[in-house]
Structure formats: structure tokens, C-alpha cells
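Here's a quick tour for anyone meeting this protein model for the first time. Have a look at the sequence and structure, then read on.

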Amino acid sequence: MKKEIIVIDGPAASGKSTVAKLVAQKLNYKYIDSGAMYRCVALYKLENNLSIGQLLNNIEKIKIDFDNNNHVFLNDKDVSDLIRSTEVSKLVSEIAKISKIRAYLVSLQQSYGKEKGIVMDGRDIGSVVFPEAKVKIYQVASVETRAKRRFNELLDNGKSADYLEICNNIKKRDYDDMNREVSPLIKVDDAYELDTSNMSIDEVVNKIIEIFNEKVK
Ligand code: CDP
């Protein structure tokens, strides 16, 4: 299988990571969740009780790794669950506005992509991290669909969930992500827009593989 870079960008909880994992599995590619990296930085700030200034001074102490089962490690500790907490979700878009933090994470993301054979999802992957990628998807869904998906995901994982709080967090993050100065969430011209509101996971995955096959010959 030819090694390429597949980019899936889009707003909060649009199902990017579920789909990206499955696409990576089918192609035998590596999956990198760039949002998890921003979440790790937010968690590091909370756990160490740092001001933004202290966080910036210590940014290079933050080591982020992914294993083959899509677990995320922050300085060698598995934080896959901790980074999904409401506290982290509330802080993360604030963290993602800061250009020094973005520059640090973008350079890590580009280093993961050196070998290609990678699926990466996020907000600025097609516009900033891998503008040269051949396959770019911009995945969207209605706010209600996204809030319902996130609500069910938390319940399925045995967590408590408040639908209204989730809905408000998604709307706020959409606004913050689309309106920030540095690398805002945008659909780049060469991205294929996929509205998944009325699509099953399998349908979305198959559509992306179809686009991949068309673009990469
Ligand atoms: O999974 P969900 O859509 O809730 O969000 P995520 O992908 O985990 O990303 C969390 C937050 O990180 C987003 O709301 C953005 O503020 C930020 N982010 C970003 O700025 N750039 C990226 N490439 C990925 C995430």
C-alpha cells in the first residue's frame, strides 16, 4: 500500500477520531490524534498548577507519545482517559490559541509525518501541518448530532454526562477555534467536505477510502 498522509480536519466532536482510527486500521497506517496533544498540554498545566507564563517556560519538558493501541502518554504516564475530562475540555481551546504552544506541537506532528503512512485529525492539519497532503477531508455534522455522540461516548465509558453542558462546550469551542488569530479552523480549498450528520461510521470510513483510492493511484 502506498504511503501517504491523510488529513481529517473539522469542528469539535464531529467524529473525526473514530473515523480516523478505522481508516488507519484499514490502510495499515498510523493514527495521530493532534487534539489529544493540545489536551495533554492543558492537563499538564492543570496537574502542575502552572500559570500560562510558567507553562510556556516549561513547554519543552512536555513529552507526548502514542502507542499502537491509540493510548496517549504524557511524560510516560497513560493519560488517555484524563485528557477527556470536562476540566481539560474547558481549558483546551484557551491553550490552543497560544502560538508558542502551537509551534511546539506542530513541529512534533510534522516529525510523526516524516515517514508518511499516517492519518492525522485536528483543526489545522490540512492548512498548516501538512498543506501538501494529497487526501484532505473536512468533516462536519450538526451541533445536535455532535453533542449526542459525545454524550453517548461519555456514558458508554461509564462517565457522567450533562447534555446541555456538552452542547455549550461544543458551541464555544467551535467559536473559539474558528475565530482565533493563529491557525483558525477553516476548510481549505482542496479539502473534501463530508457532512456526517446522517451517515453511519462505516459509510464515512468507506467514503474516505474511496476518496483515497481516487486521489492516490
Ligand atoms: O475530539 P474533540 O473534537 O472534542 O476535540 P479534540 O480534537 O480533542 O481537540 C481539542 C481542542 O484542541 C480543540 O477544540 C482545539 O481548540 C484544539 N486543537 C487545535 O487547535 N488544533 C488541532 N490540530 C487539534 C486540536
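How far is an oxygen atom of the ligand from an N or O atom in the side chain of Arg39? The gap is 2.6 Å, which falls inside the cut-off for a polar contact (a pair of N or O atoms within 3.5 Å). Keep in mind that this is a predicted model, where local features need pLDDT of at least 70 and side-chain atom pairs count only at pLDDT 80 or more, while totals for chains, interfaces and linings use all residues. Residues are numbered from 1 along each chain as its sequence is written, and side-chain values use heavy atoms, with hydrogens and water left out.

**Around the ligand**

- Arg102 also has a side-chain N or O atom by the ligand, 2.8 Å from one of its oxygen atoms.
- For Asp177, a polar side-chain atom sits 2.7 Å from a ligand oxygen.
- On its own the ligand has 530 Å² of accessible area, and the protein covers 97% of that (areas by the Shrake-Rupley method with a 1.4 Å probe).
- The ligand has 20 residues around it, and Ala13, Arg39, Arg102, Asp124 and Asp177 come nearest (a residue is near if one of its heavy atoms lies within 4 Å).

**What the shell is made of**

- By type, the shell has six nonpolar, four polar and 10 charged residues (nonpolar means Ala, Val, Leu, Ile, Met, Phe, Trp, Tyr, Cys and Pro; charged means Asp, Glu, Lys and Arg; the others, Gly among them, are polar).
- With four residues, α2 gives the most.
- The ligand lies between domain 1 (1–29 + 118–217) and domain 2 (31–116), because both give residues to its shell (bounds come from an automatic or database domain assignment).

**Two loop residues with positive phi**

- Most residues other than glycine have a negative phi.
- Asn28, in the loop between α1 (16–27) and β2 (30–33), has a phi near 60°.
- Asn70 has a phi near 65° and belongs to the loop between β3 (64–66) and β4 (72–74).

**A buried strand residue**

- Ile6 is part of strand β1 (residues 5–9).
- Its relative accessible area is 0%, so Ile6 is buried (under 20%).
- Not counting residues up to four places away in sequence, Ile6 touches several others, including Val23, Leu27, Ile118 and Phe212 (contact means heavy atoms within 4.5 Å).

Conventions: A polar contact is a pair of N or O atoms within 3.5 Å; within protein, one must be able to donate a hydrogen and the other to accept it, and residues adjacent in sequence count only if both atoms are side-chain atoms. Buried means under 20% relative accessible area, exposed over 50%, partly exposed in between (1.4 Å probe, protein chains only).
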